[in-house]
Amino acid sequence: MGYAQLVIGPAGSGKSTYCSSLYQYGQTIGWTIHINLDPAAVNFDYPVAIDIREFISLDDVMEELGLGPNGGLIYCMEHLEENLDDWLTEELENLLDDDYLVFDCPGQIELFSHVPVLKNFVEHLQRKNFNVCGVYLLDSQFISDVTKFISGCMASLSVMVQLELPQVNILSKMDLVKNKRDIEYYLNPEPQILLSELNLRMAPQSEKLNKALADLVDEYSTVSFVPLDLRKESSIRYVLSQIDNCIQYGEDADVKVKDFDPDDPDDDAD
Ligand SMILES: Nc1nc2c(ncn2[C@@H]2O[C@H](COP(=O)(O)OP(=O)(O)OP(=O)(O)O)[C@@H](O)[C@H]2O)c(=O)[nH]1
Ligand SMILES: [Mg+2]
């Protein structure tokens with residue numbers, strides 16, 4: 001049985017930085033194998049064990065097929081999908097049975113929300129006996145108001161519905177959040193409060209839509225977020241414990257204390 005995190009989320013949400021921190025953290029405890037699935041990635045500050053860029057290069061695709069960056073990316077991923085058995089299976093064969101893989105994915109959200117490439121990729125991993133968890137990163141800087149937050153939730157939901165994987169949602173870049181009380185409310189959003197805030201913020205004709213959105217968040221009570229501050233090892237550990245629970249990795253995965261206390265003045269970034 002293998003274990004895998006599929007690190008996803010909008011462009012610039014901090015996926016590669018998170019993967020890099022996991023690499024540093026994994027160094028100390030001797031796990032994680034890092035895999036780059038982004039054909040457009042430029043450089044990594046840690047060793048990548050398996051790299052899609054060795055299989056297909058976005059620059060070549062754009063040049064030879066005359067595609068733009070996003071069309072080129074879709075082409076690369078579809079090419080990967082067609083060759084999963086040739087490329088990925090061969091690469092995975094060199095790994096050990098209980099390896100823990102971290103896949104750094106491209107930020108183009110359409111790859112998860114409405115093309116089947118990643119879904120098929122996940123199914124391939126599952127057939128190879130991997131327990132896979134989606135790790136969705138949302139930049140905490142973008143949830144300063146409720147309308148941005150709800151659109152972040154909807155993007156996360158559409159990924160969940162597409163991939164049908166257990167998913168841990170992370171609010172990244174917590175070191176940049178000045179007042180953590182503003183964020184606490186968004187970690188486990190109350191649908192009723194969400195609704196009244198949306199109604200306050202938007203024109204009256206949106207009320208029905210707002211109600212439908214709040215109901216959706218309520219129904220998928222899985223839309224909750226775990227804050228991540230990469231400066232703190234305890235925060236990384238807590239996030240990992242949530243992921244490990246999803247993929248049933250390790251026995252001592254339960255870290256009971258969340259590393260975020262809104263009443264602790266030391267917990268505010270300055
Ligand atoms: N302050 C702060 N900045 C961060 C953090 N994580 C990422 N960043 C910055 O955010 C920017 C984007 O980070 P990346 O890790 O490249 O984001 P990504 O999601 O991999 O981006 P794409 O692969 O382009 O979709 C970079 O400038 C990072 O330095 C964080 O925890 N704190
Ligand atoms: Mg990246």
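1. In this predicted model, helix 1, which spans residues 15–29, supplies 3 residues to the shell around ligand 1, the largest share of that shell. The shell comprises 14 residues, and those that come nearest to the ligand are Gly 14, Lys 15, Ser 16, Thr 17 and Gly 107. Sorted by class, the residues around ligand 1 are 7 polar, 4 charged and 3 nonpolar.

2. In what order do the 7 strands of the open sheet run? The order is 3-2-4-1-5-6-7, and the pairing is parallel. Strand 3 (50–51) and strand 7 (225–227) are found at the edges; each has a single partner strand, so one side of each is left without a neighbour in the sheet.

3. One pairing may be followed in detail. Strand 1 (residues 2–8) and strand 5 (residues 130–139) are joined in the parallel sense over 7 bridges. Within strand 5, Phe 130 is the bridge partner of Gly 2. Helix 1 packs on this sheet, where it touches strand 1, strand 2 (33–36), strand 4 (100–104), strand 5 and strand 6 (167–172). The direction of helix 1 makes about 155 degrees with that of strand 4.

4. The domain assignment divides the protein into domain 1, made up of 2–179 + 224–254, and domain 2, covering 189–222. Taken over C-alpha atoms, the centres of domain 1 and domain 2 are separated by 29 Å. Their contact draws on 9 residues from domain 1 and 10 residues from domain 2. On the domain 1 side, helix 7 (residues 146–163) gives the largest share, with 6 residues. By class, that side of domain 1 has 5 nonpolar, 3 polar and 1 charged residues.

5. Finally, the overall form may be summarised. The protein has 11 helices and 7 strands. Its radius of gyration is 19 Å, close to the 18 Å that the globule rule gives for 270 residues, so the protein is as compact as a globular protein of that length. Along the principal axes, the C-alpha atoms fill a box of roughly 55 × 45 × 35 Å.

How values were computed. Residues numbered from 1 in each chain as written. Chains lettered and ligands numbered in written order. Predicted model: local features only at pLDDT ≥ 70, side-chain atom pairs only at ≥ 80, totals over all residues. Near = placed C-beta within 6 Å. Helix = DSSP H or I, 4+ residues; strand = E, 2+ residues; numbered from the N terminus. Nonpolar A, V, L, I, M, F, W, Y, C, P; charged D, E, K, R; others polar. Domains from an automatic or database assignment. Contact = placed C-beta atoms within 7 Å. Pairing = 2+ DSSP bridges. Axes fitted to C-alpha atoms, helices over the stretch in contact; angles between N-to-C directions. Rg over C-alpha atoms; globule rule 2.2 N^0.38 Å.
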